[in-house]
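Keep the sequence and the 3D view at hand as you read.

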Amino acid sequence: MSPDDVLQRQSTSPLRVGIIGDPVAHSFSPRFQQAAFDALHIATRYELWHTPADQLAERVQSLYGKDYLGANVTIPHKVSVLPLLDKIDPLAARIGAVNTIVHRNAFLYGYNTDAPGLIHALYEHSLGELQANGQVSLKGYTAVLLGAGGAARGAAFGLTAAGIERLIILNRNLERAQSLATEVQQVYDGPVSSLSDPTFLLPHPASIIVNATSLGMHGDVSPLSAEQLARFASDTFVYDMIYNPCQTYLLRQAQAIGLRTANGLSMLLHQGALAFKLWTEQDAPLAVMRAALF
Ligand code: NAP
């Protein structure tokens with residue numbers, strides 16, 4: 001869709017876009033996406049579309065309406081939505097998850113902006129280098145990925161595409177970690193290992209630990225103990241995709257021993273900015289979105 005197309009469509013009635021999930025009431029997306037549309041004077045409403053699984057097909061079908069720009073997709077539909085779409089972007093297909101739907105020329109396109117959103121977030125936290133082609137390089141880093149679910153899958157493909165030195169996947173369910181490792185290895189030349197017991201984790205210098213488990217959302221629990229974290233070098237960066245609570249037990253433990261940390265708000269911001277660009281073909285007003293979010 002061109003910017004002209006967006007303008008033409010909104011001249012008749014406000015456009016609609018929203019987040020599809022179950023639950024969605026807690027989502028921060030309306031806050032910063034609405035601010036972005038308003039700032040660029042694109043008459044669009046960003047809505048909460050609470051959608052139980054048995055209503056997903058109907059909800060996706062509604063996006064063919066002429067006023068619909070598309071949608072964000074969240075738990076638990078990021079995987080099950082794929083067969084309902086007309087075209088899937090290659091990165092989203094590889095990850096096996098879609099978090100952004102674009103309604104363009106009467107087709108529904110599926111994208112994954114979580115993966116590049118994470119890499120943009122890490123760059124914002126001073127990790128990696130921006131290359132001439134606009135991509136961020138994480139050359140020289142070892143990524144320790146905690147988790148092997150949907151978010152971890154995006155992170156694994158995003159991190160390896162950004163050129164990390166090696167990937168270590170730690171997950172409670174070992175088979176799931178191994179299966180992700182095998183898939184990643186098909187498109188990545190570097191070493192990939194998988195394990196389920198963190199006591200066997202070998203700390204490497206220049207490590208980025210990424211928590212992509214849901215452990216830490218409730219209560220003082222962490223995928224790594226203080227002792228396990230303490231084995232990592234002082235230049236280790238700990239990123240927790242969880243942003244609510246804003247300081248998980250993992251991050252508090254890491255800070256206590258002097259490691260640099262960040263929570264998942266920056267990833268949320270960047271995945272949202274990339275989605276905004278896909279819907280509108282205009283650069284997202286990042287400062288406006290950030291101010292609305294933080
Ligand atoms: P998911 O597909 O359900 O995966 C959950 C992961 O957490 C799995 O690896 C699972 O391990 C692990 N896990 C769950 N409970 C555990 C426990 N008690 N002990 C050890 N491991 C446990 O969920 P997801 O979609 O990947 O989301 C994961 C987290 O990322 C959520 O907190 C989500 O909010 C966050 N997220 C943030 C952003 C952002 O923009 N900041 C974007 C996406 C996701 P098993 O395989 O062993 O079950």
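A polar contact here is a pair of N or O atoms within 3.5 Å; within protein, one must be able to donate a hydrogen and the other to accept it, and residues adjacent in sequence count only if both atoms are side-chain atoms. Before we use that, a word on the source: this is a predicted model, in which local features need pLDDT of at least 70, side-chain atom pairs count only at pLDDT 80 or more, and totals for chains, interfaces and linings use all residues. Residues are numbered from 1 along each chain as its sequence is written, and side-chain values use heavy atoms, with hydrogens and water left out.

Start at the ligand. An N or O atom in the side chain of arginine 172 lies 2.8 Å from one of the ligand's oxygen atoms. A ligand oxygen is also 3.0 Å from a backbone N or O atom of alanine 148, while a ligand nitrogen sits 2.9 Å from a polar backbone atom of methionine 241. On its own the ligand exposes 930 Å², and the protein buries 77% of that; these accessible areas come from the Shrake-Rupley method with a 1.4 Å probe, and for residues only the protein chains shown count as cover. There are 22 residues around the ligand, and those that come nearest are Ala151, Asn171, Arg172, Arg176 and Met241 (a residue is near if one of its heavy atoms lies within 4 Å).

Now look for the sheet. Helices (H or I, at least four residues) and strands (E, at least two) are DSSP runs, numbered from the N terminus, and two strands pair if DSSP finds at least two bridges between them. Six strands form an open sheet in the order E11-E10-E9-E12-E13-E14, with parallel pairing. Strand E11 (192-195) and strand E14 (260-262) are its edges, each pairing on one side only. From one strand to the next, the twist averages 15 degrees. Strand E9 (residues 142-146) runs parallel to strand E12 (residues 207-211), and 5 bridges join them. Within this pair, leucine 145 stands opposite valine 210.

Helix H5 (residues 114-124) touches E12 and strand E13 (237-240), and its direction makes about 140 degrees with that of E13. Contact means heavy atoms within 4.5 Å; axes are lines fitted to C-alpha atoms, for helices over the stretch in contact, and angles run from 0 to 180 degrees between N-to-C directions. Helix H6 (residues 150-161) lies across E9, strand E10 (166-170) and E12, at about 175 degrees to E9.

Finally, visit some loops. Most residues other than glycine have a negative phi, and most peptide bonds are trans. The bond from isoleucine 75 to proline 76 is cis, with omega near 5 degrees, and proline 76 belongs to the loop between strand E3 (68-73) and strand E4 (87-88). Another cis bond runs from asparagine 244 to proline 245, with omega near 10 degrees; that proline 245 is in the loop between E13 and helix H9 (249-256).

Where does histidine 41 lie? Histidine 41 is in the loop between helix H2 (29-39) and strand E2 (44-50), and its phi is positive, near 55 degrees. Histidine 41 is exposed, at 67% relative accessible area (buried means under 20%, exposed over 50%, partly exposed in between, with a 1.4 Å probe and protein chains only).
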